[in-house]
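Trainee: May we go through the terms used for this structure and the grounds for each of them?

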Amino acid sequence: MTGPRLARSETLGSVRRASDLTDDVAGLGQDRFLPVLPELRELLPGRGLRRGSTIAIGAGGQPAGSGARRMSMAGATSLMLALLAGASRAGSWCAVIGMPSLGLVAADEVGIALDRLALVPTPGPEWHTVAAALLDGFDVVVVAPAGPVAPAVRLQLAARARQRGSVLIPFCLPAGRARPTNWEGADVTLSPAGAVWSGLGQGHGRLRSRELTVASGGRGAAGRPRRATMWLPHVSWLVPQDDPVRAPRPADDAPVRRRLRAV
Amino acid sequence: MNRAAGPGPVGRDVAGEPQPDQAHRTMLIWCPDWPVIAAELIDGVPAREPVAVLHANRVLACSAAARAEGVRRGLRKREAQSRCPQLIVIEHDPARDVLAFEPVVAAVEQLAAGVAVLRAGACAFAARGPAGYFGGEPVAAERIVEQIALDCGVEAQVGVADGAFAALLAARAGRLIEPGATAAFLAPMPVTVLDRPQLTDLLYRLGVRDLGAFAALPPSDVLARFGLDAALAQRLAAGKDDLPLAPRQPPPDLEVQERFDEPLDRVDAAAFAARVLAERLHAGLAGHGLVCTRLAIAAVTADGRELHRTWRHDGVLTAQAIADRTRWQLEGWLTRHRLASGIAMLRLVPEGVLAQAGLQPGLWGEAGEERDRAHRAMHRVQGLLGPQAVLTGVLGGGRDPGLQATLVPWGDERLPESPAGPWPGRLPPPAPAVVLAEPVAVGLADATGERVRVNARLELSAPPVRLVTEEDSWEITGWAGPWPVEEKWWDGVRARRVVRLQVLLADGQAMLLMLQAGQWYITVHFD
């Protein structure tokens, strides 16, 4: 056969495939994953929000009502906002159903675009119809059911999310309420596992940043439990090094504050 | 001037453009200071006194008495009040202006056909009909002004020219421009009469100061550099009105229609329906690559009465413009006619359709397929739960974390409750993720179990050690404060004196407590 022979890429050792370089990048549209903040990447299989999956924020492996639960549930709302931040910053539309006391300034601080965020604070008893309607049009939908959820409703919403390629995030840990519920059957379950605030002393200082530990578990690829510790909210305002209050570790990309020098 | 009534010969001038013939002679009725007159007709504000109508803190229209005192359009409110201390100041309400203009249009419609409203205070129609009937344009103009004065008691000025844009300027001057003399009449006018501030600013800086110079620029260059709207403006400046750039046969399915099972009889339901229909119309036009410059609004009430109005604009109608005009017109019909039954069918027909050369922004946010999908989903939820059910957040100012973000219903204008700016005493970041709608009353105890109090010197009676709620009690591991907040001390009713305290609990919860009238409350959770 005349003509040039095409070489196979495996035989050319110096060729690097473009798909090897795109580990950290997940785009929008028909791509399979929505981007998330760098701190949350190692908690999610695929390093992003997989379209069509259900990612629950719940009590995780702990049985509800155990004495240890009071220790760990703080930080759930910030975790939910951080999950939305990466996708919203990249242009996705997000919706939150059933959370009348969401702090929008905190959402803006973490990076969510408020003009692409829809809120339905009081969906009423038919909240699953509202959730199904919004799953059609939005990339990420957070639902905060007021009480325990019937298995049929859970399956129906998960199937709707899978069919439309949206991400369903059931939120089962409202602040200040003693009974966290759980969402069985989610692909990934994230649960806050301890929060340590820094910046507040006894009568002085103010809350600056928190080191939050998040545990993740779930089915399939997320079956192996993982834990990650992150600064949430970010450390952008550094505490001076000689402050008697515990100084947080600076983040990699936080600006370093220079002290004034007399010249 | 004496001119024989009847169609003149249609010729072509040197450039090959068809000369404006009788069909484009437009007569325009203009009521000066219409927002002031409308306020007098509807709200009873005396127009003989100095009155100014404000929009966005600037004077939009003022009465003759105010003008005599030195108040002009475009002044700020304080400046106008300093020039005329007894000035009566009212807010602009476009729906009120349209409502008050309905009787004037009805009066004109008795004598002329095909009346189109440019805006509240100005309406135009073809001059040929009344001129032929009454025997001359000046006679027809006088007759119509008399009819308006008889029916509504408002004074109006008339202008006649080739095209509605020139006719409006002629009406302001009170002149009848001879056919073919329109271009010469327009040439010395400054470019600001085009009412397009960005384009005018640009032209001014380029040295094009009047309409004659603007009309002399090459049209293809204007279209390429400034866009379709400016190309239309250039045609208007040259006196060639109503001759479309690219006449199209509009596809027959452009008009949109909606039947309501429950007839609309409330203004807010009508506003919502108008918005939805306007968005559909704009999406349909944009899908074909078209824009419209005139809009015909038709409604049928539940007992069969038909209402019709045409709106025209000397530029391209954006989606917001279509929605606004539909809403004002519906509000005007519902309020004025006091319809016994509501509106059962609404139809919008685009006219003056042109090929679009440029991107038209949609009603909400940037265009995009995701945006459209999200809007359809939100409309469905609003249909299920009502328009107030789907909300969006707008950041503004305020000291309380709960007040810094305002929730507005989706589709409404995104305005914060308090304006952004420096608010001393505001909590520094990080902001709380949970803001309780109703503060929860709690007890704060010190080491001996006594309630923690704050004295007038803003000192705590003892360091707080336990936080007690109805269900539980927690140990406090860190706290800071008390930070005083004193707001509106000049207002006896709304004055607020509270003290804030940040506390950190043993299990990692952090919250902000507020002491008001001796009782501690939890206001936010730093969840």
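The discussion below concerns a predicted model and takes up the contact between its chains, then some backbone features.

Trainee: What makes Asp139(A) and Arg373(B) a salt bridge?

Mentor: The closest N and O atoms of Asp139(A) and Arg373(B) are 3.9 Å apart. The limit is 4 Å between a side-chain nitrogen of Lys or Arg and a carboxyl oxygen of Asp or Glu, so the pair qualifies. The count between chain A and chain B is 2 salt bridges.

Trainee: Why is Ala56(B) called exposed?

Mentor: Its relative accessibility is 61%. Ala56(B) is in the loop between strand 2 and strand 3 of chain B, and its phi is near 55 degrees, a positive value in a residue other than glycine.

Trainee: Why does Ala517(B) count as exposed?

Mentor: Ala517(B) has 81% relative accessibility, and the cut-off is over 50%, so the term applies. This residue is in the loop between strand 18 and strand 19 of chain B. Its phi is positive, about 55 degrees, although Ala517(B) is not a glycine.

Trainee: What is the omega value of the cis peptide bond that joins Gly481(B) and Pro482(B)?

Mentor: Omega is about -10 degrees. Pro482(B) lies in strand 16 of chain B.

Terms used:
Residues are numbered from 1 along each chain as its sequence is written. Chains are lettered from A and ligands numbered from 1 in the order in which they are written. This is a predicted model: local features need pLDDT of at least 70, side-chain atom pairs count only at pLDDT 80 or more; totals for chains, interfaces and linings use all residues. Side-chain values use heavy atoms; hydrogens and water are left out. Helices (H or I, at least four residues) and strands (E, at least two) are DSSP runs, numbered from the N terminus. Buried means under 20% relative accessible area, exposed over 50%, partly exposed in between (1.4 Å probe, protein chains only).
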